[in-house]
Amino acid sequence: MNTPPDTVHQDRGGPAQPLLQVHKLKKYFPVRTGGWLRQPSYVHAVDEVSFSVAKGQTLGIVGESGCGKSTTARLVARLLPPDSGKLVFDGEGVAEFRGLALRDFRRNLQMVFQDSYASLNPRLTAAQSIAFGPRVHGVTAHAAQQLAESLLARVGLEPRQFAARYPHELSGGQRQRVNIARALAFDPRLLILDEAVAALDKSVQAQVLNLLQELKAERALTYLFISHDLHVVHYLSDQVMVMYLGQVVEIGPVRRIYDTPQHPYTRALLSATPSLDPARRTLQPPLQGDPPNPIDPAPGCRFRTRCAHAQAVCQERAPELLPCGDAPSHQVACHMQQPGSGDSQAVAVPEFVPMALATGGHA
Amino acid sequence: MNSSYWNKVAQALRRDPVAMAAAALLALLLLAAWAAPWIAPADPYHGSMLHRLQPLGATGHWLGTDELGRDMLSRLLYGARLSLLIGVVPVAAAFVLGTVIGLFAGYVGGAANTLIMRTLDVFYAFPSVLLAVAIAGALGPGLSNSLLALTLVFVPQVVRVAESVTTQVRNLDYVEAARMSGAGSLRILREQILGNVLGPIFVYATGLLSVSMILGSGLSFLGLGVKPPEPEWGLMLNTLRSAIYLNPWIAALPGAMIFFTSIAFNLLADGVRSALELRA
């Protein structure tokens, strides 16, 4: 399309500026328990979550169901208003004074949902669903239809065959391709994939993942990839963020998280995936029980109720998310990894030892 | 809304024999009501007391005569005009009004929803007959006032259905996707939600057609709606009730007309609903 310079989609901050920075995002959902005059309780769905995604990278978010992955995605997409916290998109604050308007922000960001059926309007054909967005932004009906057909072709669906089909006439994989095409119609810079391949069977999942990889390279996309499937996250991500009960417990480069996980929860998660090597068969379930109730959690580390290494300090103070070892990009929220935290397994920091020695040598 | 979708709906409807039969019956009734002055064998307002309560198949009166000796066939044909009017107009008005209010309440949610729904619950607390009588009584007698009263009776019911389906649809992912496109609420309501909620509301509203006809005749009976000697099925049913021991078949005729008309409305509504589902 030969349009005047695109002010909505242009790269503003340069390559070093992270595409998305999330700062202390918080969302509590009130729950009504019993009588009305009682103090309301809150589900701490997302509790001060901070992270950033570099341009052209994929951040994978993993965690058990109910850990706040999807709420985080909806907060980032502003489908839910956050209680507090800041979003910075390519150096500009979102929905702030002098910042990026919400409408322009949304054009830069699209989302693909888990339920491929619920995310398509049953009354609209594939092409109509894709064309809706561009029409909202002033593209003529004819041009939008053509764009929809070319996008269908790009995601591997022959337009002549599929453009006029309704969602119930498509398979799950085909529907998810339509959803991806719809997201691409905005020419977004950030794509949030919320369990986008979780409902597909393995062979279709692989095809869709490959399609996502191709599209990312082709269109310089940045992904926020949310999944509970550790293999899929490993395949697609550059950075991985592990969430537990609304908080980030570990974040870092994919290789470090998978090779040398530092947080006991991350280790438990990783050892929960079955290995193909019979010699490394897991006999004991690494993690037992369910996550504790997210309603008004007790102070201290939220993982301590299921942690084999829990100590007194874990009950007293919540661990902060701090760099661990030699890589500043690898951060972990565990007292064991934090020198001087008071945990018996943490490196003690006697006052006379220089900091450089304590953090450099023993990690 | 798009034409190809409605084309498909029309196609599916044409393949439904029951719906088509119901539609044919209603079309016939509409035609008869329109053509009443030409096809009615006698004057619906004048009868002869000598020939009162003639049985079915009497000479000159195929369907007999009523308690004042007026030709039943003519009165039934003319009566279709008012009865269809009373059946359709309040429901159509309530359908439009109730859908708009219900869509708004369901989509906006929160405090606005609570305010609207609780206010309408006040209307809901009264039985519809009582409410219609009260409103019509307050407005004064007359056809237009009884139409207005019936509309007000049906609006809260339609709102309730519209609100509940909208609330269901509002939280589906495709509405979230539409919100992410930056589209305004009005556009999302019109292009993404309306088509998915209209079916159930429409089906519910068509179920009200027969209720409206019967309630309307009740108002007429109480002197709040159509007044005698105007021919109207409900009113005829009421005035003939004294003849039920003398000539039950004649007394049953207006009731049968109401019965078949409302059955036809309901069957057509069912057909439209399954056509709207659009499953192969």
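Author: The largest nonpolar core has 159 residues, a nonpolar core being a set of buried Ala, Val, Leu, Ile, Met, Phe, Trp, Tyr and Cys residues joined through C-beta atoms within 7 Å. Ala148(A), Leu152(A), Ile192(A), Leu224(A) and Val158(B) have the most contacts inside it. Helix α4 (residues 72-108) of chain B gives the largest share of this core, 14 residues. Helices (H or I, at least four residues) and strands (E, at least two) are DSSP runs, numbered from the N terminus. Before we go on: this is a predicted model, where local features need pLDDT of at least 70, side-chain atom pairs count only at pLDDT 80 or more, and totals for chains, interfaces and linings use all residues. Residues are numbered from 1 along each chain as its sequence is written, while chains are lettered from A and ligands numbered from 1 in the order in which they are written.

Reader: Okay, so which residues does Leu152(A) touch?

Author: Two residues are in contact if their C-beta atoms, placed from the backbone, lie within 7 Å. Leaving out residues up to four places away in sequence, Leu152(A) touches Ala126(A), Ala127(A), Leu157(A), Pro159(A), Phe162(A), Ala163(A) and Ala181(A).

Reader: How much of chain A counts as buried?

Author: A residue is buried if 20 or more other C-beta atoms lie within 10 Å of its own, exposed if 12 or fewer, and partly exposed in between, with C-beta atoms placed from the backbone. For chain A, 43% of the 363 residues count as buried. Take a look at α3(A): eleven of its eleven residues are buried, so this helix is largely enclosed by the rest of the structure. Those buried residues pack against α4 (141-154), α5 (159-162) and α6 (172-184) of chain A, together with α8 and α9 (185-221) of chain B. Just after α3(A) comes Gly138(A), with a positive phi of about 90 degrees.

Reader: And where do the two chains meet?

Author: The contact takes 24 residues from chain A and 20 residues from chain B. On the chain A side, α2 (102-108), β6 (109-112) and α3 (126-136) each supply at least two residues. The largest share of that side, four residues, comes from α3(A).

Reader: How do I read a sheet?

Author: Strands of a sheet pair through backbone hydrogen bonds, either parallel or antiparallel. Here two strands count as paired if DSSP finds at least two bridges between them. In chain A, eight strands form an open sheet with mixed pairing, in the order β6-β7-β8-β3-β9-β10-β12-β11. Its edge strands are β6 and β11 (322-324) of chain A, each pairing on one side only.

Reader: In which sense do β3 and β8 of chain A pair?

Author: Strand β3 (residues 58-62) and strand β8 (residues 222-226) of chain A pair in the parallel sense, over four bridges. Find Gly60(A), and you'll see that its bridge partner in β8(A) is Phe225(A). By contrast, β11(A) and β12(A) run antiparallel and are joined by three bridges. Cys324(A) stands opposite Ala327(A) in β12(A). That hairpin has two residues between its strands, and Gly325(A) takes a positive phi near 65 degrees there.

Reader: Is Asn171(B) buried or exposed?

Author: Asn171(B) is exposed, because it has 10 other C-beta atoms within 10 Å. Its place is the loop between α7 (143-170) and α8 (173-180) of chain B.

Reader: Last one: which element of chain A has the lowest mean pLDDT?

Author: pLDDT is the predictor's confidence in each residue, from 0 to 100. Where pLDDT is low, the predicted coordinates should not be read in detail. Helix α12 (residues 355-361) of chain A has the lowest mean pLDDT (52) among the elements of that chain, and β8(A) the highest (93). For chain A as a whole, the mean is 82, and 87% of its residues reach 70 or more.
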